[in-house]
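Good morning, colleagues. Please look at the sequence and the structure on the screen while I go through the main features.

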Amino acid sequence: ARHGVEPRATCFFEDLARNLAPAAALGMTTVLVGAHALEADAPFVHHRTAALPPFLATAIVQEP
């Protein structure tokens, strides 16, 4: 709220799954990035990718 960020319109990228939990709790879309991302099964991880550039190249921006 302090920075005027709307969580539902925000995507949080991280390489440690546990760091995505607070973002998901706020309503952000979460993306786990890294070599082991595809193996993660935490319910608060919405998307997983081994490499960020290919993920972003195919990402579709959706308005809230």
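I begin with the largest pocket, which holds about 400 Å³ of space. The search runs on a 1 Å grid over the protein atoms alone, and a pocket is an open set of points with protein on both sides within 12 Å along at least five of seven lines. The volume is the space filled by probe spheres set on the points, which are joined across faces, edges and corners.

This is a predicted model, in which local features need pLDDT of at least 70 and side-chain atom pairs count only at pLDDT 80 or more, while totals for chains, interfaces and linings use all residues. Residues are numbered from 1 along each chain as its sequence is written, and side-chain values use heavy atoms, with hydrogens and water left out.

The largest pocket is lined by 15 residues, and C11, T29, I60, V61 and Q62 are the closest to its centre. A lining residue has an atom within 4 Å of a point. By class, the lining comprises 10 nonpolar, 4 polar and 1 charged residues. Here Ala, Val, Leu, Ile, Met, Phe, Trp, Tyr, Cys and Pro count as nonpolar, Asp, Glu, Lys and Arg as charged, and the others, Gly among them, as polar. At least two lining residues come from each of β1, β2 and α2 (52–58). Helices (H or I, at least four residues) and strands (E, at least two) are DSSP runs, numbered from the N terminus.

I turn now to the sheet. Two strands pair if DSSP finds at least two bridges between them.

β1 is joined to β2 by 4 bridges, and F13 stands opposite V31 in β2. Strand β2 (residues 29–33) pairs with β3 over 3 bridges; L32 is opposite R48 in β3, and V33 is opposite T49 in β3. Because 4 of the 5 residues of β2 are buried, this strand is largely enclosed by the rest of the structure. Buried means under 20% relative accessible area, exposed over 50%, and partly exposed in between, with a 1.4 Å probe and protein chains only.

Finally, two loop residues. L20 lies in the loop between β1 and α1 and counts as buried, at 0% relative accessibility. F44, in the loop between β2 and β3, is partly exposed, with a relative accessible area of 24%.

Note on methods:
1 Å grid on protein atoms, 1.4 Å probe; cavity = no way out; pocket = protein on both sides within 12 Å on 5 of 7 lines; lining within 4 Å.
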